[in-house]
Amino acid sequence: MILEVATLDVRPGLEADFERAFDQAREVIARSPGFVSLDLRRSVEQPSRYLLLVGWERLEDHTVGFRQGPLYPRWKALLHHFYDPFPTVEHYRAV
């Protein structure tokens, strides 16, 4: 399994709106082939910062299947306008 890790900095004051939009986005990503799991955590110290952890069967399930697939435009429309700056995404595998 590959773990996608992203730190999401949401524009201050929009946290509740982001969380509501994320509830919808969760359903979108869950339909993507190769999707395994999703966990969203909110920072205690920086309440506008979230940690996104997404499990994928293979790296390509995220980078090609989801990001270049038909579900991504909906994910993008729901969430991308909340971020400042735009998140950096990294992928990890178990050792």
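These legends accompany several close-up views of a predicted model. Local features need pLDDT of at least 70 and side-chain atom pairs count only at pLDDT 80 or more, while totals for chains, interfaces and linings use all residues. Residues are numbered from 1 along each chain as its sequence is written, and side-chain values use heavy atoms, with hydrogens and water left out.

**View 1. Four strands build an open sheet.** Let us start with the sheet: its order is β2-β3-β1-β4, with antiparallel pairing. Strands here are DSSP runs of E with at least two residues, helices are runs of H or I with at least four, and both are numbered from the N terminus; two strands pair if DSSP finds at least two bridges between them. Because β2 and β4 each have a single partner strand, they stand at the edges, and one side of each lacks a neighbour in the sheet. On average, neighbouring strands are turned by 20 degrees against each other, direction ignored.

**View 2. β2 meets β3 in the antiparallel sense.** Their pairing runs over 7 bridges. If you look for Arg41, its bridge partner in β3 is Leu51.

**View 3. Helix α2 lies across β1, β3 and β4.** The helix runs at about 150 degrees to β4, with axes fitted to C-alpha atoms (for helices over the stretch in contact) and angles from 0 to 180 degrees between N-to-C directions. Within α2 (residues 59-66), Asp61, His62 and Phe66 are buried, that is, under 20% relative accessible area with a 1.4 Å probe, protein chains only. These three sit on the same side of α2 because they cover an arc of only 95 degrees around the axis, taken from the directions from the helix axis to the C-beta atoms. The buried residues of α2 pack against β1, α1, β3, α3 and β4 (contact means heavy atoms within 4.5 Å).

**View 4. Trp56 pairs with Phe35 and with Phe66.** Rings of Phe, Tyr and Trp (its six-membered ring) pair if their centres lie within 6.5 Å; planes under 30 degrees apart count as stacked, over 60 as edge-to-face and the rest as tilted. With centres 6.0 Å apart and planes at 85 degrees, Phe35 and Trp56 are therefore edge-to-face. Phe35 lies in β2 and Trp56 in β3, so this pair ties together parts 21 residues apart in sequence. Trp56 and Phe66 form a tilted pair, 5.8 Å centre to centre with 35 degrees between the planes. Trp56 counts as buried at 0% relative accessibility, and Phe66 at 2%.

Note on methods: Buried < 20%, exposed > 50% of the residue type's maximum accessible area, 1.4 Å probe, protein only.
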